[in-house]
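Trainee: Could you show me how to read a structure like this one, step by step?
Mentor: Gladly; let us look at it together.

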Amino acid sequence: MKKYTSLVYKTAREMEFGKALYPVNCGFSLTIGNGKVLPEINYTLPPMPVSMDNIEEILKQYDSIINGILKRAVVLDVPGILLEFEHLPPMTDVLEIGVKITKRTKEIMKNFHEKYDLKSGLRVTICDTRDEKRPPKMRSGEAIKRIFDSFRENALAGADLLSIESIGGKEVNDRALMEGSIPGLLFSLGVLAPRDMHFLWKEITRIAKETDVVPAGDSACGLANTAMMLADRNYIPEVLAAVVRAMSSVRSLVAFEEGAVGPSKDCAYEGPVMKAVTGYTISMEGKSAACAHLSHLGNIAAAVCDLWSNESVQNVKLLADFAPTVFTEILAYDCRIMNQSIEGGTKDLLKEIFVKSDELKNVQAFVISPEFSVEIAKTIVQEEDDFLRTRATGLKACDLIRKAVDRGDIILNKRELSWLRKIESELAKYDSEEALTSEVAPLYGELTLLEEYGI
Amino acid sequence: MAILEELKENVIDGNEGKVIEGTRRALEEGVGVEEILNKGFIPGMEVVGNKFQANEIYVPEMLISARAMKAGMRILEPLLTKAGIEPMGRVVIGTVKGDLHDIGKNLVAMMLEGAGFEVIDAGVDITAQKFMDLTKENKANVLGLSALLTTTMVEMKNVINTFKENGLREDVKIIVGGAPVNADYAKEIGADGYSSDAASAVGLAKNLLGK
């Protein structure tokens with residue numbers, strides 16, 4: 001296993017959009033991270049059941065979605081496009097459903113490549129269904145077997161990139177977020193989640209190697225994006241969500257330590273930290289993902305991206321066309337601006353505009369800035385193990401936020417400031433994984449099975 | 001009565017120990033169980049709910065108050081049952097089949113409990129049959145359905161149809177919620193109501209029961 005002890009990009013200035021030290025080649029002549037930002041389009045079904053009973057209807061939907069996307073990509077002459085087929089739970093649970101959709105998608109992509117020379121790749125994101133039983137069986141249940149089978153069979157069916165939004169630690173993280181429990185969050189993000197990532201990505205990279213596809217990356221969606229959504233609804237403090245984001249970088253990095261090579265997932269807002277440490281490509285989403293959720297990170301998310309995504313959109317008819325087609329067009333124009341600025345020599349200026357336009361307006365945007373991300377990345381590589389890394393990134397995030405508040409750059413109200421102090425002081429109390437586990441694990445005993453994490 | 005005011009304040013402060021001690025003391029002083037509930041606990045949680053809706057507190061703070069109330073309720077519940085006092089309503093709540101998301105559903109359950117409802121949390125990935133069994137078994141008068149996916153929201157209609165087919169639809173008010181759901185969809189599938197957030201789910205349930 002790789003262990004990162006230094007950064008590939010040591011300063012925020014060195015990181016650029018559209019370019020990474022280790023580009024990825026995949027699919028039909030597609031290269032990611034080699035000087036151009038490319039659209040990554042994600043789509044989902046309209047309200048309808050998903051089972052083998054209506055598989056023909058489902059395939060018809062995907063036919064229409066993929067044809068619409070690729071036609072628009074040709075019309076707009078995109079330099080390349082990545083399609084993300086993100087499984088819904090039955091698509092992973094019932095192997096045949098996911099595989100049939102992957103196969104059909106790839107056939108259509110092949111046609112477009114042959115006919116129009118359209119460069120494209122297919123990311124298949126398998127659904128982590130291990131929490132269908134509570135407490136979840138992370139390693140020993142039926143679900144994990146189906147997940148690994150699904151990775152293999154979808155790879156054989158035509159996936160170019162393999163990804164997952166894995167949920168190790170989520171069962172504790174969800175509760176800890178609602179309780180505002182800092183020890184609970186440190187336990188889920190620093191103990192459970194990294195352990196699960198090691199287990200999962202060791203196997204995913206093995207499957208990818210055997211099937212000759214790319215093990216791309218993961219996302220802390222179920223952990224940090226849950227926090228982000230709760231903060232956006234005013235359910236939890238913004239500053240808590242921001243610190244959770246920084247802490248979640250450690251578990252996401254584990255995928256790369258176990259052999260993932262990017263691009264990381266679009267909803268992994270911790271992507272810039274991954275890029276700074278590893279030099280691998282990242283996908284990001286922002287303003288053009290407004291179809292899926294509110295974002296305070298609309299522009300800043302693009303600052304160092306290699307793929308630019310819409311997160312997900314339902315196949316519903318809009319005035320112009322079906323939504324996935326429309327969002328392909330939106331992403332294509334977003335990417336054109338970035339690529340034109342690369343060609344015209346104004347990329348640094350555009351990057352600065354992306355950052356400055358969001359950075360100080362919301363603390364959650366602040367923590368994904370390239371500057372902040374490099375600081376978090378430095379903190380990670382200085383620490384020995386995943387637990388200490390997670391704790392240190394939390395403390396570093398608190399410190400950087402507090403300094404920004406002291407400078408008057410970021411404004412936090414009294415409630416947020418009091419939470420910042422609470423997070424910082426509680427994180428500081430725990431410097432041993434064993435001590436934290438013995439104190440905190442019993443509090444979440446009915447939610448989690450420690451043996452399923454190798455504890 | 002000072003003791004009831006004290007209980008209300010201790011619920012607001014989330015002081016579990018003081019709520020337990022205060023509840024015991026109130027009972028010893030001869031205060032009625034219903035009075036403790038309706039003039040101590042529920043008004044306390046109402047203040048907390050209002051503060052939450054006004055963005056003055058977050059869920060973690062609200063949860064501390066809810067836990068304090070629950071601690072007091074553990075003392076009151078056997079007495080309420082013995083006295084034949086019914087809760088504000090009895091709610092079965094769960095996330096529909098195929099869907100594993102539960103944060104929103106948990107929040108609604110917490111708010112309903114705080115408002116004096118008895119809540120039976122069915123969990124996630126719940127079949128129509130299970131919803132029906134739990135509703136019958138607990139004599140629930142409200143059923144709350146949650147879904148977060150466009151492909152699972154269609155299951156809500158199946159649940160409602162199952163209740164209809166089994167002649168139970170008139171016995172229960174069915175409310176729905178979740179990111180892809182809206183009021184039009186609720187109407188279309190024959191639900192009695194839709195709530196966009198946890199706090200307004202309480203008002204909706206009360207209205208539907210005429211409370």
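Mentor: We start with Glu28(B), which lies in helix H2 (residues 16-28) of chain B; helices (H or I, at least four residues) and strands (E, at least two) are DSSP runs, numbered from the N terminus. This is a predicted model, in which local features need pLDDT of at least 70, side-chain atom pairs count only at pLDDT 80 or more, and totals for chains, interfaces and linings use all residues. Residues are numbered from 1 along each chain as its sequence is written, while chains are lettered from A and ligands numbered from 1 in the order in which they are written.

Trainee: Is Glu28(B) buried or exposed?

Mentor: A residue is buried if 20 or more other C-beta atoms, placed from the backbone, lie within 10 Å of its own, exposed if 12 or fewer, and partly exposed in between. Glu28(B) is exposed, because it has 9 other C-beta atoms within 10 Å.

Trainee: In what order do the five strands of the open sheet in chain B stand?

Mentor: Strands of a sheet pair through backbone hydrogen bonds, either parallel or antiparallel. Here two strands pair if DSSP finds at least two bridges between them, and the order in chain B is E2-E1-E3-E4-E5, with parallel pairing. Strand E2 (118-126) and strand E5 (193-194) of chain B stand at the edges, each with a single partner strand, so one side of each is left without a neighbour in the sheet.

Trainee: How many bridges join strand E1 to strand E3 of chain B?

Mentor: Five bridges join E1 (residues 90-96) to E3 (residues 142-146) of chain B, and Gly94(B) stands opposite Leu145(B) in E3(B).
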